[in-house]
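Me: Can you walk me through this one? I'd like to go through the sheets, the cores and the contacts.
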Amino acid sequence: MTTLRALRRRDRTRGLIVTAALVLVLVVLSLLALALGAVPLGPAEVVAGLLGLPGAPGSEFIVRGVRLPRLLLAVLVGAALGLAGALLQSVVRNPLASPDIIGIAQGASAAGVLVLLTGAGSAAITGGAITGALVAASLAFLLGGRGVSGARFVVVGVAIAFLAQGVLGYALTRASLVDAGSAYFWLVGSVGSPSWDDIGLVAVVLVLSALLLAVVHRMLAVQSFDDTTARALGARPVAVRVGAIVVTSLLTAVAVGAAGPIAFVAFASGPIGRGLRGRGPALGTAALVGAASVLAADLLAQHVVPGSFQPPVGLVTGALGALVLLVLLVRDDRRKEHQP
Amino acid sequence: MTTRTTNPAPELRVEQLHLAYGDRTVVHGVDLTITPGRMTALVGANASGKSTLLRALARVIEPSAGRVLLDDHDLHRLPRRLVARTIGILPQAPIAPEGIRVADLVARGRYPHHGLFRGHRSDDDAVVASALSATDALELADRRVDELSGGQRQRVWIALALAQEPRILLLDEPTSALDVAHQVEVLDVLRDEVARGMTVVIVLHDLTLAARYADDMVVLAEGRIVAHGSPTEVLTEQTMRTAFGIEARIVADPDTHRPIVVPRARGAAPSAQ
């Protein structure tokens, strides 16, 4: 019994340390994001600008008008994608079941681009992305077979992703070169043109999802067994999965609507979060990992990538995310080889 | 934990039970009463409907016709968590959450005792610890489940079911992956629970082991019950023919007098092949 209590205390300590470390990383990255740029600011100027203190009108505009919205959008979109990916992976019990692989993000992008090509504004693009994500998720749910679990759901999702890519490719061939150019930039995923409406919407959906998940997190812990065991423990595995798919779709849709489909964040945050936390589902950790990843990638894209062209953040997460995936796969293989 | 010893275990009964996967009916109109406080072994050939029947008893699948009754209440109308506090099931190939540690896995057995807003309490530790020591797995508490051997893993899964504190425990071939020493160990643990008043229903392939440990045996063939009673009543050469389609000699264990099944090779005469 004492051992059990000690184990639980150790688990809680690890959670606190991991959370504190990630928050610290986020704070440091945020300060960098506010300080760096065409006009570099010192720490005092950043604080003064942030708080709107008198005597620094220039830095107030740079910090609050330019850099803060970009920072907030990067953090919120990253957290939303990280949470969405970790949630779906945990309830479907498959690391491939991430919204950017099973077509939810692609559905959101295809619909988002269709709306963008009509010349509509960012609110309409977000609305289109939400519709596209929900359509893709409903298709995956209806075609994925009873129970929405395992390999079949993932395979159906991948097919839907290709379908959405097809729609997208066709739409782009019909568009003018200028429209196609702006659509392309959005499609790679960028936090470079933030609007307060987008920031507010992502924040609201993220906070509501987090509150809901905080209430039902014990249900999610039982969910990660096979369905028979989950039912034997009094859970409703199919209902929980359907609910989780809806939450995942909304989170993905508002994130994609605001910043485009930033590659690999939803997919990689879950495994990284579970690795740091030492157990699943680690939703909060994954959200923090997602936020830190997008923010760090955006900083790299703005300040480290050489040349006058600033690449959109999605290019950086795509390149680094592919590396993360390879490292995880190789490590997983090694561990399996060492098993008795 | 106190209720377990004071109240008699509830009675599980099925009436005219039909079970189907889609159009394919697997269990045809079974009537069966599981005697409380005893160990009942379900045996039968592959695809005879044993596992399906077991899953219906745990409310994991719904009957296509007929009823499953828990103390005369329709099992499928009772609240989920109440059923989960009364009946536990260990499926044939349970899947553990990725990377989970033993203590964490077994602690999830307390889920049906928790409310939406009430989580782990210190008295849950006592239940988890006693479940782990009952299955001799306490020293494994800190290990990752995916690093354990087959026998250790099976003991941990049984500990999960025990932590649920069910009055009735259903197990689907819990010994199939184990060597004979571990098989006996698992069945001994279950016998201990029966001695404390638990009802155990177990699907087993090894008929001699089933006869050695079970109080009652139910033989299924093609989705119907062909025999039900004490091991001595049930395990006859006639049953072996109807249920398994083989010739077998039944001899008595010199110590326990329980039946031992000795299959005969095709062509009746014992031979090397």
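What follows is a chat about the two chains shown here.

Me: What kind of model is it, and what are the pLDDT limits?
Reply: It's a predicted model: local features need pLDDT of at least 70, side-chain atom pairs count only at pLDDT 80 or more, and totals for chains, interfaces and linings use all residues. Residues are numbered from 1 along each chain as its sequence is written, while chains are lettered from A and ligands numbered from 1 in the order in which they are written.

Me: OK, sheets. What's the strand order in the six-stranded one in chain B?
Reply: That open sheet runs β6-β7-β8-β3-β9-β10 in chain B, with mixed pairing. Helices (H or I, at least four residues) and strands (E, at least two) are DSSP runs, numbered from the N terminus, and two strands pair if DSSP finds at least two bridges between them.

Me: Which strands are at the edges?
Reply: β6 (87-90) and β10 (224-229) of chain B, each pairing on one side only. Neighbouring strands in this sheet are turned by 15 degrees against each other on average, direction ignored. Axes are lines fitted to C-alpha atoms, for helices over the stretch in contact, and angles run from 0 to 180 degrees between N-to-C directions.

Me: What packs on that sheet?
Reply: Helix α2 (residues 50-57) of chain B does, touching β3 (39-44), β6, β7, β8 (199-203) and β9 (216-221) of chain B, and its direction makes about 150 degrees with that of β8(B). Helix α7 (residues 180-195) of chain B lies across β3, β7 and β8 of chain B, at about 150 degrees to β8(B). Contact here has a cut-off: C-beta atoms, placed from the backbone, within 7 Å.

Me: How does β6(B) pair with β7(B), parallel or antiparallel?
Reply: Parallel, over four bridges, with β7 being residues 168-172 of chain B. Gly88(B) has Leu169(B) as its bridge partner there.

Me: And what does β9(B) pair with?
Reply: β3(B) is joined to β9(B) by five bridges, running parallel, and Gly44(B) stands opposite Leu220(B). β9(B) and β10(B) pair in the antiparallel sense over five bridges, with Met217(B) partnered by Gly229(B). Those two strands form a hairpin with two residues between them, and Glu222(B) in the turn has a positive phi of about 50 degrees.

Me: What about the four-stranded sheet, what's its order?
Reply: β2-β1-β4-β5 of chain B, open and antiparallel. Its edge strands are β2 (24-34) and β5 (73-74) of chain B. α2(B) lies across β1 (12-21), β2 and β4 of chain B as well, at about 120 degrees to β1(B).

Me: Where's the hairpin in that sheet?
Reply: β4(B) and β5(B) form a hairpin with two residues between them, and Asp71(B) in the turn has a positive phi of about 50 degrees. Leu70(B) stands opposite His73(B), and Leu69(B) opposite Asp74(B).

Me: Switching topic: how many residues of chain B are in contact with chain A?
Reply: 34 residues of chain B, in contact with 23 of chain A. On the chain B side there are 18 nonpolar, seven polar and nine charged residues. The classes are Ala, Val, Leu, Ile, Met, Phe, Trp, Tyr, Cys and Pro as nonpolar, Asp, Glu, Lys and Arg as charged, and the others, Gly among them, as polar.

Me: Which residues have the most contacts inside the largest nonpolar core?
Reply: Val77(A), Ala80(A), Val202(A) and Val254(A), in a core of 95 residues. A nonpolar core is a set of buried Ala, Val, Leu, Ile, Met, Phe, Trp, Tyr and Cys residues joined through C-beta atoms within 7 Å. Helix α3 (residues 57-92) of chain A gives the most to this core, with 19 residues. A second, separate core of 88 residues includes Ala235(A), Leu54(B), Leu187(B) and Ile225(B).

Me: Why does Ala244(A) count as buried?
Reply: Because 22 other C-beta atoms lie within 10 Å. The scale is buried at 20 or more other C-beta atoms within 10 Å of a residue's own, exposed at 12 or fewer, and partly exposed in between, with C-beta atoms placed from the backbone. Ala244(A) is in helix α10 of chain A. Leaving out residues up to four places away in sequence, Ala244(A) touches Leu87(A), Leu88(A) and Val91(A).

Definitions and conventions: Two residues are in contact if their C-beta atoms, placed from the backbone, lie within 7 Å.
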